[in-house]
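Hello,

Here is the structure I promised to pass on to you. Please open it first, and then read the notes below alongside it.

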Amino acid sequence: MKTIQLQCTLLSDVIISETSATTGNRHSLDFIPGNNFLGIAASKLYDKENEKTHLLFHSGKVRFGDAHPSLSGIRGVRIPAVVFTPKLKDGADERYFHHLLPADLPKEIREKQLKQCRDGFYVFDGEQATEVNVGKTFALKSAYDSGNRCSQDHQLFGYEALNKGLTLYFEVELDDEATRYAEELTAALCGTRHLGRSRTAQYGLVEIKQASFQQLKSDAAVANEEVLVYADGRLVFLDEHGLPTFQPTLRQLGFEGEGEILWEKSQVRTFSYAPWNFKRQAFDSQRCGIEKGSVLVVKANNTPKPTSYIGHYKQEGFGRVVYNPDILSKNKADQEGKAMFKFEGQKKTRSEEPRKEVKETPLLAYLKRAQEKDKRVFDVQKVVNKFVNKHADKFKGERFASQWGSIRSLAMVTSDATKLKESVITFLDHGVAKKQWDENGRRECLEEVMNTPNINLQELLINLASEMAKECKD
């Protein structure tokens, strides 16, 4: 058997929907199923149906694994369903293994109200478990009416997508019969590719290349003892009637001989969906199975392989299991079932790259102008308020209300500061109002405010005349 290890980096947001439904609240998976990579390889190599294509894509001799979010050269795994955490704040940093907890829980553990950990991918390194941040973005879209060249009415829908920049690792396993096609298969997968939904829009661009990484390790299973079967991939089993079942037999789990499944110690989560067949333009039969991260506890008298593919749809990444993974079995010495490794979130590192300059756009230019205008208005209003509070008593009387109205009219038609100032001075020197403006220092205070530096004179006089006219009538 030959194994090809590959790295997938998201160059854009990628949509991997949980179901093929087109209505309702749709969510994105937090990993990339292996059938996406099978499709990429088939698009390059499946020119016609023959022995080669049957061997690569239909026989199960080639298995395209799921791509998991990863860190530091270690492939992440879905947190095992047997991991429990306290519901209350007391002991929130502790983790317990359900299958190792005693039947009669101590009072201090019962009071913590343990709950199952269900979401998230973790990288296990020694006694440290680090969560991999899987960012998602939701976008609201609308169907396009090509006839009217606009959005269609009542055709809104949303997409949740994995954010670009995420790094994922996956494997492709080839049995001995298919190893001669390993190089050809690698060339078909590597490079810039598209996967997921809306590939013709802004979604789905990825880069695939060969890269070595560390997989989940297994301990040797010992006969006549409990064996943990960890579902690294989703598992699909059929009963003797060909119907989906959530209760596999020992033989379906990879064991030979006698034994039993200890359901009271197992933690199983399920899924169900119907895949869309693009070639036939129809849905395939419903797939019901055991979700990734589930753990089954088996008591058997034989030792299975450390890792294996079981169940159906193996070529699409379904069925990968790990027996007695070291992340679960190495802590059996702890009598209270407490996990020895520590869980923590992914540490965010500050980028050392210099910040790129933002390109000027019409929208940014408009926002800058609006910001500058808001600042100017604030400065003008500040000067106006100061003038009104200091000199309002000098202009009391109806006769000055019309004078300020005339000054406002001059400001409305003249934007040039020099010409506006000349027009106001000419107005103050003309007519019977000249004597009144010269009295009581009225002219001096007006000329002083018109000489305010770094101010828009037109806006100043318009606002000042409006406020003073109100003061004259009070």
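Which residues line the second largest cavity? They are Arg78, Ile79, Ala81, Gln116, Cys117, Arg118, Arg269, Lys292, Gly293 and Ser294.

Before going further, please keep in mind that this is a predicted model, where local features need pLDDT of at least 70, side-chain atom pairs count only at pLDDT 80 or more, and totals for chains, interfaces and linings use all residues. Residues are numbered from 1 along each chain as its sequence is written, and side-chain values use heavy atoms, with hydrogens and water left out.

Now back to the cavities. A cavity is a set of points, on a 1 Å grid over the protein atoms alone, where a 1.4 Å probe fits but cannot get out, and its lining residues have an atom within 4 Å of a point. Volumes are the space filled by probe spheres set on the points, which are joined across faces, edges and corners. Searching the whole structure gives 2 cavities of 30 Å³ or more. Lining the largest cavity are Gly65, Asp66, Arg75, Phe170, Glu171, Gln215, Asp232, Gly233, Lys292, Tyr309, Gly317 and Arg320. By class, that lining has 2 nonpolar, 4 polar and 6 charged residues (Ala, Val, Leu, Ile, Met, Phe, Trp, Tyr, Cys and Pro count as nonpolar, Asp, Glu, Lys and Arg as charged, and the others, Gly among them, as polar).

There is also a pocket to look at (an open set of grid points with protein on both sides within 12 Å along at least five of seven lines). The largest pocket has a volume of about 1,800 Å³. It is lined by 43 residues, of which Asn35, Arg199, Trp276, Asn277 and Phe278 are the closest to its centre. Helix H1 gives the largest share of this lining, 8 residues.

As for the fold, the protein has 11 helices and 27 strands (DSSP runs numbered from the N terminus, with helices being H or I of at least four residues and strands E of at least two). Of its 474 residues, 44% count as buried, meaning under 20% relative accessible area with a 1.4 Å probe and protein chains only.

Leu457 brings us to a helix pair. Helix H8 (residues 417–428) and helix H11 (residues 457–473) pack at an angle of about 40°, their axes lying 9 Å apart (axes are lines fitted to C-alpha atoms over the stretch in contact, and angles run from 0 to 180 degrees between N-to-C directions). Ala417, Leu420, Lys421 and Val424 of H8 make the contact with Leu457, Gln458 and Leu461 of H11, where contact means heavy atoms within 4.5 Å.

Finally, look at Thr414, in the loop between helix H7 (398–413) and H8. Thr414 counts as buried because its relative accessibility is 15%. Leaving out residues up to four places away in sequence, Thr414 touches Lys419, Leu420 and Gln458.

Enjoy exploring!

Note on methods:
Buried means under 20% relative accessible area, exposed over 50%, partly exposed in between (1.4 Å probe, protein chains only).
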